[in-house]
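This report describes one protein chain, beginning with a single residue and then turning to the whole fold. The sequence and structure come next.

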Amino acid sequence: MMLEHVFILSAYLFSIGIYGLITSRNMVRALMCLELILNAVNLNLVTFSDFFDNRQLIGDIFSIFVIAIAAAEAAIGLAIVSSIYLNRNSIRINQSNFLNK
């Protein structure tokens with residue numbers, strides 16, 4: 001696959017993630033869009049690593065770290081969302097203002 005195709009795919013994923021993150025009212029959807037953004041970054045890291053220096057695996061190692069951070073973020077984020085749902089009975093972003101109580 002050519003380098004430009006991978007960059008176009010990564011930019012497309014990143015754009016969908018940013019658009020979904022900005023327009024989302026649901027916290028779970030916002031977390032999913034954040035995962036799309038991180039996957040676009042991983043795709044760029046692996047592509048740059050393979051294109052510029054395919055003997056060293058620096059981009060691959062960085063992408064593994066980003067995947068680990070994304071998994072931790074998803075686990076903690078879903079735990080926070082479930083806690084908010086139990087307390088407020090809603091997971092809408094605009095209805096969760098915690099400074100009032």
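Does asparagine 42 count as buried or exposed?

The model is predicted. In it, asparagine 42 has a relative accessibility of 8%. Burial requires a relative accessible area under 20%, so asparagine 42 counts as buried. This residue sits in helix H2, which covers residues 27-52. Leaving aside residues up to four places away in sequence, asparagine 42 touches Ser63, Val66 and Ile67.

Asparagine 39 also belongs to helix H2. Its relative accessible area is 41%, a value between the 20% limit for buried and the 50% limit for exposed, and asparagine 39 is therefore partly exposed.

## Helices and annotated spans

The protein contains three helices and zero strands. Read from the N terminus, the order of elements is α-α-α.

An unreviewed UniProt entry lists residues 6-23, 30-49 and 61-86 under "transmembrane region".

## Overall dimensions and contacts

The radius of gyration of the protein is 17 Å, whereas a compact globule of 101 residues would have one near 13 Å. Along the principal axes, the C-alpha atoms fill a box of roughly 55 × 25 × 20 Å.

Among contacts with a separation of 6 or more, 56% are between residues 24 or more positions apart.

## Surface and charge

Of the 101 residues, 24% count as buried; asparagine 42 is one that counts as buried. The protein exposes about 7400 Å², and carbon and sulfur atoms supply 68% of that area.

How many positive and negative side chains does the protein have? There are 6 positive and 6 negative side chains. The centres of these two sets lie 26 Å apart.

Notes:
Residues are numbered from 1 along each chain as its sequence is written. This is a predicted model: local features need pLDDT of at least 70, side-chain atom pairs count only at pLDDT 80 or more; totals for chains, interfaces and linings use all residues. Side-chain values use heavy atoms; hydrogens and water are left out. Helices (H or I, at least four residues) and strands (E, at least two) are DSSP runs, numbered from the N terminus. The radius of gyration is taken over C-alpha atoms; the globule rule is 2.2 Å times the number of residues to the power 0.38. Buried means under 20% relative accessible area, exposed over 50%, partly exposed in between (1.4 Å probe, protein chains only). Contact means heavy atoms within 4.5 Å. Accessible areas come from the Shrake-Rupley method with a 1.4 Å probe; for residues, only the protein chains shown count as cover. Lys and Arg count as positive and Asp and Glu as negative; His and the chain ends are not counted. The place of a charge is taken as NZ of Lys, CZ of Arg, CG of Asp or CD of Glu. UniProt positions are given in the numbering used here, feature names are shortened, and annotations may be inferred rather than shown by experiment.
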